[in-house]
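Thanks for coming. Please have a look at the structure on the screen before I go through it.

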Amino acid sequence: MDNKLNLLIFSPTDTTAKTVRAIAHGINENFSEYNITLPDNRNSEIIFNENDVVIIGVPVYAGRVPALLSDYFTKIKGNHTLAIFVVVYGNRDYDDALLELKNIFEERGFMGIAAGAFIGEHSYTNKVGTGRPDQADLELARNFGIKIREKLTQLKDHPGTETAALAVKGNYPYKERTSMPPTKPETSDQCISCGICAENCPTGAIDMKDYSEVDAAKCIRCCSCVKKCPVDAKAYNHELVQKITQNLIEKFSMVRHEPELFI
Ligand SMILES: Cc1cc2nc3c(=O)[nH]c(=O)nc-3n(C[C@H](O)[C@H](O)[C@H](O)COP(=O)(O)O)c2cc1C
């Protein structure tokens, strides 16, 4: 492959990262990864050119692209850069997130050649989308990558054909963002002060000295701290989060959604 393959990933609980990497392996074993999950990795501008191909992967938050990324995405520029858009959702629905991701990047100099909505274990509970992406998801993702590689070869042989518009599922105006009162995870006595939660927090909401001190105004409820804690010391005990989680379990723990691919 003549193009240089790049991954741009935001993935607090790693399901998006696993999915995007599986797609990448189907395209080319060599790639550069820009992991923008941590705040320090979202400071600098990234400019891609016409020889780059970029897989852009984000989780779905309330049917949309995570709001946190809106400002940062203005620092990313393409120049007739081919792109693959990927959203990963927790087995409920991805609503308008994929269309939104495509629109954001197509306005910034990228041309979509493929897109996919995949399923990851729900950030809020391991009872919804349990263990996903699983072996079948990852195999499907890799095969999707192989199809993308074939498309890239075709485009190289017939330059100019990439402008055929990529259609994905979703509506505009997008689903309204749901607002929730500021909430933060609680820390139990189990905490061993290892600091993994603070080191991995995508918004720097957890105090670097006192890990039980969390800034609710910064917390985006991504659940990185909850899922990465080795002793299960972090949890969202807030009544509203508990209610949403219960509702998700009732409605979506017994169904299995499958990835949807657009190419
Ligand atoms: C704040 C928030 C909102 C979410 N909203 C949705 C949603 O609308 N639909 C859905 O199916 N999953 C939703 N999820 C679940 C995530 O999209 C899903 O677990 C995803 O796999 C997480 O990606 P990550 O592992 O890369 O962080 C939400 C998760 C969070 C933290």
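This is a predicted model: local features need pLDDT of at least 70, side-chain atom pairs count only at pLDDT 80 or more; totals for chains, interfaces and linings use all residues.

The protein chain splits into domain 1, residues 4–173, and domain 2, residues 186–252. Their C-alpha centres are 26 Å apart.

How many residues of each domain are in contact with the other? On the domain 1 side there are 19, and they touch 19 residues of domain 2. Between them, the two domains bury an area of about 1,600 Å². Carbon and sulfur atoms give 67% of that area. There is charge at the interface as well: two salt bridges are found across it.

I will also mention a salt bridge between the side chains of K228 and D14, where the distance from N to O is 3.6 Å.

Now the helix, α7, which runs over residues 239–252. It has 14 residues. From the first C-alpha to the last, α7 reaches 20 Å, close to the 20 Å expected at 1.5 Å a residue.

Which residues of α7 are buried? They are V241, T245, L248, I249 and F252. Looking down the axis of α7, these buried residues fall within an arc of 105 degrees, so they line one face of the helix.

The face of α7 turned away from the buried side carries exposed residues: E239, K243, E250 and K251.

That is the end of my part.

Notes: Residues are numbered from 1 along each chain as its sequence is written. Side-chain values use heavy atoms; hydrogens and water are left out. Helices (H or I, at least four residues) and strands (E, at least two) are DSSP runs, numbered from the N terminus. The expected span of a helix is 1.5 Å times one less than its number of residues. Buried means under 20% relative accessible area, exposed over 50%, partly exposed in between (1.4 Å probe, protein chains only). The arc is that of the directions from the helix axis to the C-beta atoms. Domain bounds come from an automatic or database domain assignment. Contact means heavy atoms within 4.5 Å. Buried area is the accessible area (1.4 Å probe) that two parts lose on being put together, summed over both. A salt bridge is a side-chain nitrogen of Lys or Arg within 4 Å of a carboxyl oxygen of Asp or Glu.
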